[in-house]
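Subject: Handover of a structure, with notes

Dear colleague,

I am passing on the structure below, together with some notes on what turned up when I went through it. Please keep it open while you read.

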Amino acid sequence: MTRPLSRTVGAVVGAVLLLGACAPGAADAPGAARPTPLFSEPASRQVGLALRHTRETGGADLRQTVTFTSEKGDAVQTLTGRLDFAGSRGEAAHTWRIAPGFSEEARRTILGTLPGRGTGDDSGRYAVDTRTIHYRAASAGYWLRYEGDVEPFPGTDSIGHLRGTESPIGGTLLEVLGGVRPAEARELAGGGRSYRADFPLAEALELFPYDLRQEFVPAPLNAGAPGAPVPVDVEVDREGRITRASADLTSLRTRGGTGRSPG
């Protein structure tokens with residue numbers, strides 16, 4: 001990695017997370033759903049409570065997209081999988097779709113490099129639980145198994161990024177929603193709620209692997225560091241389960257950028 005990603009990419013446009021119930025039960029039958037008591041709580045607490053209730057439902061399907069954009073095209077990562085909150089495990093697959101005109105330097109930064117093979121794979125699969133992470137790149141005929149905590153070395157990635165704290169799978173917007181404090185809620189058709197809030201810039205780095213974080217922010221950040229907060233929109237269904245979240249991550253590029261035009 002020879003230059004910060006922010007010099008070759010115009011912006012990190014945003015991340016969009018979609019959740020759906022894995023195994024619908026009686027509460028999902030027509031006419032059975034009832035508005036959750038969660039909505040009688042102060043608006044500032046409702047997203048945090050919805051995150052807790054989402055985990056208590058047992059599981060969810062996961063889909064998240066993260067988009068990097070430049071003048072010559074976009075790079076979009078799609079993450080799909082299943083979250084078993086009750087069993088503290090999950091499985092996911094990720095795929096990068098990179099426009100032909102996207103900067104080769106930025107491509108190498110995003111995908112990494114392999115000795116004698118150029119860039120790394122643009123897709124892979126993994127399974128995570130509290131003890132083990134299994135990972136398989138698209139070009140590999142085998143799975144790699146990692147046990148315990150795998151700490152990153154300077155300038156390298158950490159496989160531990162694939163394990164989350166708010167859910168079994170890491171790198172999703174679920175990681176930043178626990179501390180969101182919206183000022184008000186808007187009712188949606190069907191009885192759910194929509195929230196507009198923000199979270200500290202430093203927390204946005206949790207969406208990315210260790211080495212990619214350094215490309216955005218050369219200096220260490222913490223929750224009290226200066227920087228524009230990251231806006232986030234959250235939707236909750238009438239039963240209090242988070243179904244959608246989206247964040248504008250442009251401020252990551254502003255914090256780490258140098259003012260040069262995209263590559």
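Where does leucine 174 lie? This residue is found in the loop that runs between strand 9 (144-147) and strand 10 (185-187). Please bear in mind throughout that the model is a predicted one.

Although leucine 174 belongs to a loop, it counts as buried because its relative accessibility is 0%, and the cut-off for buried is under 20%. Setting aside the neighbours within four places in sequence, leucine 174 is in contact with Leu17, Leu19, Leu51, Leu83, Phe85, Glu166 and Ser167. One of these, leucine 17, is 157 residues away from leucine 174 in sequence, yet the two C-alpha atoms are 8.3 Å apart in space.

Next, the aromatic residues. A search of the whole structure gives 3 aromatic pairs. Among them is the pair of phenylalanine 68 and tryptophan 96, which is tilted, with 5.7 Å from centre to centre and 45 degrees between the planes. Since phenylalanine 68 sits in strand 2 (residues 59-70) and tryptophan 96 in strand 4 (residues 89-98), this pair ties together parts that are 28 residues apart in sequence. Phenylalanine 68 and tryptophan 96 are both buried, and together with Phe208 they form one aromatic cluster.

Tyrosine 126 and tyrosine 135 also form an aromatic pair, this one stacked, with the ring centres 6.3 Å apart and an angle of 25 degrees between the planes. Tyrosine 126 counts as buried because its relative accessibility is 5%, and tyrosine 135 likewise counts as buried, at 18%. A further contact with a ring involves arginine 193, which lies over the face of phenylalanine 39 at 4.2 Å from the ring centre.

Tyrosine 135, already mentioned for its stacked pair with tyrosine 126, stands opposite leucine 144 in strand 9.

Serine 123 belongs to strand 7 (residues 123-128) and is buried, because its relative accessible area is 16%. Apart from residues up to four places away in sequence, serine 123 touches His94, Thr95, Tyr135, Ala137 and Ala138.

Finally, a word on confidence. The protein has an average pLDDT of 81, and 77% of its residues score at least 70. Confidence is highest in strand 7, at 96, and lowest in helix 1 (residues 5-8), where the mean is 51. Over residues 23-31 pLDDT stays under 50, and the model has 6 contacts beyond four places in sequence for them. Residues 255-263 also stay under 50, and for these the model has 23 such contacts beyond four places in sequence. Where pLDDT is low, the predicted coordinates should not be read in detail.

With best regards

Conventions
Residues are numbered from 1 along each chain as its sequence is written. This is a predicted model: local features need pLDDT of at least 70, side-chain atom pairs count only at pLDDT 80 or more; totals for chains, interfaces and linings use all residues. Side-chain values use heavy atoms; hydrogens and water are left out. Rings of Phe, Tyr and Trp (its six-membered ring) pair if their centres lie within 6.5 Å; planes under 30 degrees apart count as stacked, over 60 as edge-to-face and the rest as tilted. Helices (H or I, at least four residues) and strands (E, at least two) are DSSP runs, numbered from the N terminus. Buried means under 20% relative accessible area, exposed over 50%, partly exposed in between (1.4 Å probe, protein chains only). A charge sits over a ring if NZ of Lys or CZ of Arg is within 6 Å of the ring centre and within 35 degrees of the ring normal. Contact means heavy atoms within 4.5 Å. pLDDT is the predictor's confidence in each residue, from 0 to 100. Two strands pair if DSSP finds at least two bridges between them.
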